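This briefing covers the overall form of one protein chain and a few of its residues. Please keep the model open while reading.

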Amino acid sequence: MSVRMRKKKNLIPRLEACEALLEREPAGRKGAWRALFPGKERLALEIGCGKGKFTAGTAQGEPEQALVALERVPEALVMAVEKARDLSLSNVRYIIGDADDLREYFAEGELDRIYVNFCDPWPKKKQAKRRLVHREYLAVYASLLKPGGEVIFKTDNAPLFDFALEEAAAASFGILGVTRDLAGSGIPNVTTEYEEKFMALGNPIHRAVFRRG
Ligand SMILES: C[S@@+](CC[C@H](N)C(=O)[O-])C[C@H]1O[C@@H](n2cnc3c(N)ncnc32)[C@H](O)[C@@H]1O
């Protein structure tokens, strides 16, 4: 049996072993996520969490914040949720789902913060709408954020970063804290799996905060 098949075979029991941290019916939580996290100061969403190093590190480092992590690939998500289970984190939940369905999962103004880390660059111009920082996605994020809420974006891809800055301005976000050298900026940082790979290659990391007016 191939490794790929074995992995698929184990996926369901591995997910079931982390059931308490999975939100299987996210639409049913719409408008009521905070009830899962009594006493937390902020509710944040991470889009495309992958294998979840950032998710677990952020939840651990910011216990006053509740964090919901979204990922559409179950084989990646299972690794993310296992990290949180192994650390006994209680301020994080995971959704297997798609950024295209965010309006089904969250109510207007429900979120304080959205993290987008190293989203797929979709470099061809005709694919621009698929970028998770395209203005159509940013308009959805703006509607889900409360006034003053923030999108925090990181990438190593300079053209994607430039595109994101333009799109954020077009979507009426204020743009703050732009750095093209995160490591040298002194900004506290929790790295992602992709970030570690890009840093090992010597690629500078770009980061910006888009604030809803
Ligand atoms: C390049 S990886 C980055 C993963 C992680 N954020 C990191 O920095 O290591 C992009 C991730 O976003 C996920 N993704 C892409 N489009 C998505 C969408 N529309 N909804 C949910 N997840 C998505 C992919 O499955 C993948 O895990």
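The notes below go from the whole chain to single residues.

The model is predicted. The protein chain contains eight helices and seven strands. Its radius of gyration is 17 Å, which agrees with the value near 17 Å that a compact globule of 213 residues would have.

**Whole chain**

- Taken along the principal axes, the box filled by the C-alpha atoms of the protein chain is roughly 45 × 40 × 35 Å.
- Of the 213 residues in the protein chain, 47% are buried.
- The protein chain has an accessible surface of about 10,500 Å², and carbon and sulfur atoms account for 53% of that surface.
- Taking contacts between residues at least 6 apart in sequence, 76% join residues that are at least 24 apart.

**Helix H8 and the residue after it**

- Helix H8 spans residues 193–200. At its start, a side-chain oxygen of Thr192 comes to within 3.3 Å of the backbone nitrogen of Tyr194.
- Phe198 is placed in helix H8. Phe198 counts as buried because its relative accessibility is 19%, and the cut-off for buried is under 20%.
- Setting aside neighbours within four places in sequence, the contacts of Phe198 are Phe118, Asp156, Asn203 and Ile205.
- Asn10 is 188 residues away from Phe198 along the chain, and their C-alpha atoms are 30 Å apart.
- Gly202 follows H8 and has a positive phi, near 85 degrees.

- Most residues other than glycine have a negative phi.
- Trp122 is a residue other than glycine with a positive phi, near 40 degrees. Trp122 sits in the loop that runs between strand S4 (111–117) and helix H5 (135–144).
- With a relative accessible area of 24%, Trp122 is partly exposed, because this value falls between the 20% and 50% cut-offs.
- Ser172 also has a positive phi without being glycine, in this case near 65 degrees. Its loop lies between helix H6 (158–170) and strand S6 (173–179).
- The relative accessibility of Ser172 is 58%, so Ser172 counts as exposed, the cut-off being over 50%.

**Lys125**

- The loop between S4 and H5 holds Lys125, and Trp122 lies in the loop between these elements too.
- Lys125 counts as exposed, with a relative accessibility of 77%.
- Between the C-alpha atoms of Lys125 and Thr58 there are 33 Å, and the two residues are 67 apart along the chain.

**Val92**

- Strand S3 covers residues 92–96 and includes Val92.
- Val92 has a relative accessible area of 0% and is therefore buried.
- Not counting residues up to four places away in sequence, Val92 touches Leu21, Phe37, Thr55, Ala59, Leu67 and Ala84.

Technical notes. Residues are numbered from 1 along each chain as its sequence is written. This is a predicted model: local features need pLDDT of at least 70, side-chain atom pairs count only at pLDDT 80 or more; totals for chains, interfaces and linings use all residues. Side-chain values use heavy atoms; hydrogens and water are left out. A polar contact is a pair of N or O atoms within 3.5 Å; within protein, one must be able to donate a hydrogen and the other to accept it, and residues adjacent in sequence count only if both atoms are side-chain atoms. Helices (H or I, at least four residues) and strands (E, at least two) are DSSP runs, numbered from the N terminus. The radius of gyration is taken over C-alpha atoms; the globule rule is 2.2 Å times the number of residues to the power 0.38. Buried means under 20% relative accessible area, exposed over 50%, partly exposed in between (1.4 Å probe, protein chains only). Contact means heavy atoms within 4.5 Å. Accessible areas come from the Shrake-Rupley method with a 1.4 Å probe; for residues, only the protein chains shown count as cover.
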